[in-house]
Amino acid sequence: MSSRKGQGVLELAVLGLLHESPMHGYELRKRLNTLLGMFRAFSYGSLYPCLKQLLANGLIIEDRPEHDVPLALQSRRSKIVYKLTAEGKERLQQLLTEAGPASWEDEGFGVHFAFFSHTRADVRLRILEGRRSRLEERLEGVRAALARTRERVDSYTLELQNHGLESVEREVRWLNELIGRERAEQQQQAQQEQTQTSNTTQDMPRETDR
């Protein structure tokens, strides 16, 4: 994660996890490995420079609860607990409203998806649709490559290519289901709001009733 995109993904992941609960560095590393490891290799060496930058920007603070830990059990690792600041919460909300290409590329989609419960419905839908469009472009490329090379590759290479194609097709189907549910929920929400507005209007006293 040495690229700027990777740093942005790691920042979102750290802020999102600390929003759920304060953590010390070791616990944060384990949670990040679970979160990011599903989508790409996570470099532990990139975490502490990220924490240092977040501290410098005032987005997180260090808490040292030595009085809560027996002296015999204290260690350098357990002394520091990272907590989100008010500025960090604002930054997290800002990151969660971003729905540009970085949010649906391989580098960032998984992390954005992990925090969908904290993301606005319209942003979720844009990210899902963007991800689907990107994968549909990828499908066209893979199918074209298969058509060109099918007669020139051995059976194992062909199986590997077919496996990659099936994986992308499966994710597209999954995205189609998610998008369908998101649209249905948004439509239902809009209908409920419209009904509430209509009922409120009907309950208001008319000028002739006064």
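**Overall make-up**

The model is predicted. The protein chain contains eight helices and three strands. Along the sequence, these elements follow the pattern α-β-α-α-β-α-β-α-α-α-α. The protein chain has 210 residues, and 33% of them are buried. Among contacts with a separation of 6 or more, 62% are between residues 24 or more positions apart. The accessible surface of the protein chain is about 13,400 Å². Carbon and sulfur atoms account for 50% of that surface.

**The sheet**

The three strands form an open sheet in the order E1-E3-E2, and their pairing is antiparallel. Strand E1 (23–24) and strand E2 (60–63) are the edge strands, each pairing on one side only. Four bridges connect E2 with E3 in the antiparallel sense.

**The nonpolar cores**

The largest nonpolar core has 27 residues. Which of its members touch the most others? They are Val14, Leu15, Leu18, Leu28, Leu32, Leu36 and Ile60. At least two residues of this core come from each of helix H1 (4–20), helix H2 (25–37), helix H3 (47–56), strand E3 (81–84) and helix H5 (86–96). The most come from H1, which gives eight residues.

Residues up to four places away in sequence are not counted here; beyond them, Leu18 touches Met23, Leu28, Ile60, Tyr82 and Leu84. Another core lies apart from the largest one and has 17 residues, including Leu135, Leu165, Val168 and Ile179.

In H5, the buried residues are Gly88, Leu92, Leu95 and Leu96. Seen down the axis of H5, these residues fall within an arc of 95°, so they line one face of the helix. The face of H5 turned away from the buried side carries the exposed residues Ala86 and Glu90.

In H3, the buried residues are Leu47, Cys50, Leu51 and Leu54. They cover an arc of only 100° around the axis, which puts them on the same side of H3. Lys52 and Ala56 are exposed, and they sit on the face of H3 turned away from its buried side. Just after H3 comes Gly58, with a positive phi of about 75°.

Where in the chain is Glu182 found? Glu182 belongs to helix H8 (residues 155–203). His112 lies in helix H6 (residues 109–114). The table gives the accessible area of each residue.

| Residue | Relative accessible area |
|---|---|
| Glu182 | 11% |
| His112 | 9% |

Buried means under 20% relative accessible area. Glu182 has a relative accessible area of 11%, so Glu182 is buried. His112 is buried because its relative accessible area is 9%.

For Glu182, they are Ala121, Arg124, Leu125 and Leu128. For His112, they are Leu12, Leu95, Glu98, Ser103 and Ile127. One of these contacts of His112, Leu95, is also among the buried residues of H5.

Note on methods:
Residues are numbered from 1 along each chain as its sequence is written. This is a predicted model: local features need pLDDT of at least 70, side-chain atom pairs count only at pLDDT 80 or more; totals for chains, interfaces and linings use all residues. Side-chain values use heavy atoms; hydrogens and water are left out. A nonpolar core is a set of buried Ala, Val, Leu, Ile, Met, Phe, Trp, Tyr and Cys residues joined through side-chain atoms within 4.5 Å. Buried means under 20% relative accessible area, exposed over 50%, partly exposed in between (1.4 Å probe, protein chains only). Contact means heavy atoms within 4.5 Å. The arc is that of the directions from the helix axis to the C-beta atoms. Two strands pair if DSSP finds at least two bridges between them. Accessible areas come from the Shrake-Rupley method with a 1.4 Å probe; for residues, only the protein chains shown count as cover.
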